[in-house]
Amino acid sequence: MNAPYDVVLRNGLVVDPANGVHAIHDVAIRGSRIVDIAPAIAGDAVREHDLTGRVAMPGIVDMHVHLSAFLGGGLGHRMLARAGVTTALDMAGPIEGVVELAARHGCGLSVAGLNYLRPGHTIESNDPSRGDLSKALDHALSQGAIGLKLLGGHYPLTAEATARAIAIAGDRGAYVAFHAGTLSAGSNIDGLREACELSVGYPLHLAHINSYCRGQIHDAVAEGERALALLAAHPHVRSESYLAPFNGVSGECVDGVPGSRLAAFGLERGGFAATVDGMSDAIEAGWALVNVERDGVIELVGGSEGLAAWRAAGSNIGISFRANPPEPRLRLVTATRDDGRFAVDALATDGGGIPRNDIVSRGLALVHLDALSLEGFVRKASLHPARILGLTTKGHLGVGADADITVLDLERRKPVLTYAHGQRLLDGEDVVGRGGRMITTAQGASAVRSAGLDALIVEPGTMLKSPQFDL
Ligand SMILES: [Zn+2]
């Protein structure tokens, strides 16, 4: 057979805001690239798909996921593929485990990773010097990471060391993301303000804006508006938020009470006692949901099955509460500034192995409600995160772009087909992709390749730029 194309997707509604396309088009793929896009493409292909009634968009880029042994785990690859994602950024590390799990569990996704700054693990103290931080960054890059993650909400550093880390990453053109919180400000709206101020002069990815707007200090709606004002006043900050009502914490109870303060907060919010009995009641009632493995993916399960899983694990298992109030959560995704730009750059999930990979299911609910246009959805779910990651050949469907495509069933709010680098990942309900590639810098290429993965090289200094330059 001598077909001119490997794949042709026919008759889909192509939504590609970067190239100004919103029309029924065919898309042709050869190798890993898009080679033609037009109202009708003549010529045969080895494989053709009829996308009549479907939407074809550039592959979804989830810029906040967890795929490490520390958080998320390897099953997250399959969960992301099922959710229509083609590219993802792991937001914790350790990077060595992210690379190893990608080699073992890969479903064809492109994955980038950050390495955490964690006292006792990647740095010695909570007040590392410039030299310590520089060494930690070198190590992260050499192992395949594109930069660093500050886990202030979990393992806070001093405010000074936090500022030093952001500056060092910026000076080297590396990526740096921050879960707000230091030894002087909490993981809340005050921590968000401090993060904006500590990073002035340097680019920064501030993680999950919605999680600082849970009503911990002020009213949740007021915190959401405050977050929007802070982001508008600090244009060097790149941001994402997620739509799931659920947070993710440890269900572990020690000496009769939850070990995690956020778990205690979640119980009280639902009217349950912050004790081991309260936890048990909350799981049985379906207020606290347990991360349970079912058919090769993690699902949130309450009731008697969730309770049994929590007990079988001796309480040391991930659980989720409905910790995110709806008003700021919805507002942060849809809010725009005076010039029409989105106030928060991207729609992400904090998912991966944490079961809330809902960019399509919940994001398209906002499209149904007319709260987000289809173009806006594509910008926030693909174009903006691709640009923030410095991936010029992703986030759009121009000729020469990577053949990363997500096909949507708008009515059912589901992905029905995905391609990444010209390979099928998801077809109907089936994950058919294999292997994958790490997005890395030249310094990390050999670590990635020796793990058996392809390396997609990004250039230092091209990341964390404002993605909204062509409205
Ligand atoms: Zn996270």
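**A guided reading of the predicted fold**

At 8% relative accessibility, aspartate 350 counts as buried, because the cut-off for that class is under 20% relative accessible area. The model in which this residue is seen is a predicted one. Aspartate 350 lies in the loop between strand S19 (346-347) and strand S20 (351-352). The backbone of aspartate 350 has a phi near 55 degrees, a positive value in a residue other than glycine. Most residues other than glycine have a negative phi.

Leucine 464 belongs to the segment after strand S26 (454-457), and at 4% relative accessibility leucine 464 counts as buried.

The setting for these residues is the chain as a whole. The protein chain has 13 helices and 26 strands. For 471 residues, a compact globule would have a radius of gyration near 23 Å, and the protein chain, with 21 Å, agrees with that expectation. Taken along the principal axes, the C-alpha atoms fill a box of roughly 70 × 50 × 50 Å. Buried residues account for 58% of the 471 residues. As for the contacts between residues at least 6 apart in sequence, 70% join residues at least 24 apart.

If residues up to four places away in sequence are not counted, alanine 88 touches Asp62, Val65, Leu80, Ser110, Val111 and Ala112. Alanine 88 can also be related to alanine 346: the two are 258 residues apart in sequence, and their C-alpha atoms are 13 Å apart in space.

The loop that runs between S7 and helix H2 (95-105) contains proline 94. A cis peptide bond joins glycine 93 and proline 94, with omega about 0 degrees. Most peptide bonds are trans.

The packing of helices can be followed through two pairs. In the first, the axes of helix H6 (residues 220-233) and helix H10 (residues 326-334) come within 8 Å and cross at roughly 25 degrees. That angle makes H6 roughly parallel to H10, because angles under 35 degrees are placed in that class. The crossing of H6 past H10 is right-handed. On the H6 side, the residues of the contact are Ala220, Val221, Gly224, Glu225, Ala227 and Leu228, and they meet Glu327, Pro328, Arg331 and Leu332 in H10.

In the second pair, the axes of helix H8 (residues 276-284) and helix H9 (residues 303-312) come within 7 Å and cross at roughly 140 degrees. H8 is therefore oblique to H9, because the roughly antiparallel class takes angles over 145 degrees. H8 contributes Val276, Met279, Ser280, Ile283 and Glu284, which meet Gly303, Gly306, Leu307, Trp310 and Arg311 in H9. The residues in the contact of H8 with H9 divide into 5 nonpolar, 3 polar and 2 charged.

Definitions and conventions
Residues are numbered from 1 along each chain as its sequence is written. This is a predicted model: local features need pLDDT of at least 70, side-chain atom pairs count only at pLDDT 80 or more; totals for chains, interfaces and linings use all residues. Side-chain values use heavy atoms; hydrogens and water are left out. Axes are lines fitted to C-alpha atoms, for helices over the stretch in contact, and angles run from 0 to 180 degrees between N-to-C directions. Helices (H or I, at least four residues) and strands (E, at least two) are DSSP runs, numbered from the N terminus. Angles under 35 degrees count as roughly parallel, over 145 as roughly antiparallel, 65 to 115 as roughly perpendicular and the rest as oblique. A crossing is left-handed if the near helix is turned anticlockwise from the far one by less than a right angle, and right-handed if clockwise. Contact means heavy atoms within 4.5 Å. The radius of gyration is taken over C-alpha atoms; the globule rule is 2.2 Å times the number of residues to the power 0.38. Buried means under 20% relative accessible area, exposed over 50%, partly exposed in between (1.4 Å probe, protein chains only). Ala, Val, Leu, Ile, Met, Phe, Trp, Tyr, Cys and Pro count as nonpolar, Asp, Glu, Lys and Arg as charged, and the others, Gly among them, as polar.
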